[in-house]
Amino acid sequence: MKKGRAGRFARPYRIDDGEHFRLKDISPADTAGIDDKKAAREALEGGIVALAEMQERLYAQDRRALLLIFQAMDAAGKDGAIKHVMSGVNPQGCQVYSFKAPSAEELDHDYLWRTSRSLPERGRIGIFNRSYYEEVLVVRVHPEMLERQHLPPSLITKDIWKERYRDIRAFERYLDGNGIAVRKFFLHVSKGEQKKRFLERLGNPDKYWKFSASDARERRFWKDYMSAYEDMIRGTATRSAPWYVVPADNKWFTRLVVAAAIIDALEEMDLKFPKVDKARRSEMKAAKVELLGQKS
């Protein structure tokens, strides 16, 4: 995957305006007509190299940051996508946070509080494995969770989800205005493929740790989750903080699209190494002369 061409893999799945978005329009099994897995993996390897080069420029420039948000049903491949796509990135320039069920302390704050503390510094790539979007997904599917958030009853109305979409759009607009680009990924796995992956985990004791009984129970709410995801994307996809609805039934293709989208985002930043002024060049020249004159 060459820089400048990465977008062709990712842009078909990019949603800048969710007004007319329908989840049914994107098949979880889609591979964009690509059936050569070997060529796709080679492209991914090239993308990983390109990503590492661009991340170094991002770190050196120290002006911008990139926030990557991953949302998906269980077993969709979030962890694997993050692991493989970011494998070539310098750990110093990448920060990964996984957000589980909120703690008592977190529930005593506004729902953006816990993720706001983990935003990436300038020069870094931040990764949220789940995020504040859980507040319009699992909380919407299980509205009894709102009771644990200690909100005034007058604020829990039929419009609460639209109000949260509005607040999230404003928050992401604020991040963009402060040099933090936001790219969001929904890894779109089918119910059948999820079941297959669950059974594979249950057939391997070494993978029991990746499964809990609640994973199977949540499948009962599949339609509710798909409706919540569709509304979420419709309500929060913007040009400055787009969603990528990535087909996730084929992990090799998922990783290719994710890598392409990240490269595309970094290319939009026009990253360059800092220019060295005359004084700095003289300083470097003097240091070189000194080193050459020293005995080994």
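1. Lysine 162 belongs to helix H7, residues 160-177; helices here are DSSP runs of H or I with at least four residues, strands are runs of E with at least two, and both are numbered from the N terminus. Lysine 162 counts as exposed because its relative accessibility is 62%; exposed means over 50% relative accessible area, buried under 20%, and partly exposed in between, with a 1.4 Å probe and protein chains only. Its C-alpha atom is separated by 27 Å from that of proline 12, which is 150 residues apart from lysine 162 along the chain.

2. The model is predicted: local features need pLDDT of at least 70, side-chain atom pairs count only at pLDDT 80 or more, and totals for chains, interfaces and linings use all residues. Residues are numbered from 1 along each chain as its sequence is written, and side-chain values use heavy atoms, without hydrogens and water.

3. The protein contains 12 helices and six strands, and its C-alpha trace spans about 75 × 50 × 40 Å along the principal axes. Of the 296 residues, 47% are buried. Among contacts (heavy atoms within 4.5 Å) with a separation of 6 or more, 84% are between residues 24 or more positions apart. Carbon and sulfur atoms hold 50% of an accessible surface of about 16200 Å², computed by the Shrake-Rupley method with a 1.4 Å probe.

4. Helix H2 (residues 37-61) packs against helix H11 (residues 251-268) at an angle of about 30 degrees, and their axes are 9 Å apart. The axes are lines fitted to C-alpha atoms over the stretch in contact, with angles from 0 to 180 degrees between N-to-C directions.

5. Most residues other than glycine have a negative phi. Alanine 32, in the loop between strand S1 (14-15) and H2, has a positive phi of about 55 degrees and is partly exposed, at 47% relative accessible area. Arginine 130, in the loop between strand S4 (125-129) and helix H6 (138-141), has a positive phi near 75 degrees, but counts as buried because its relative accessibility is 17%.
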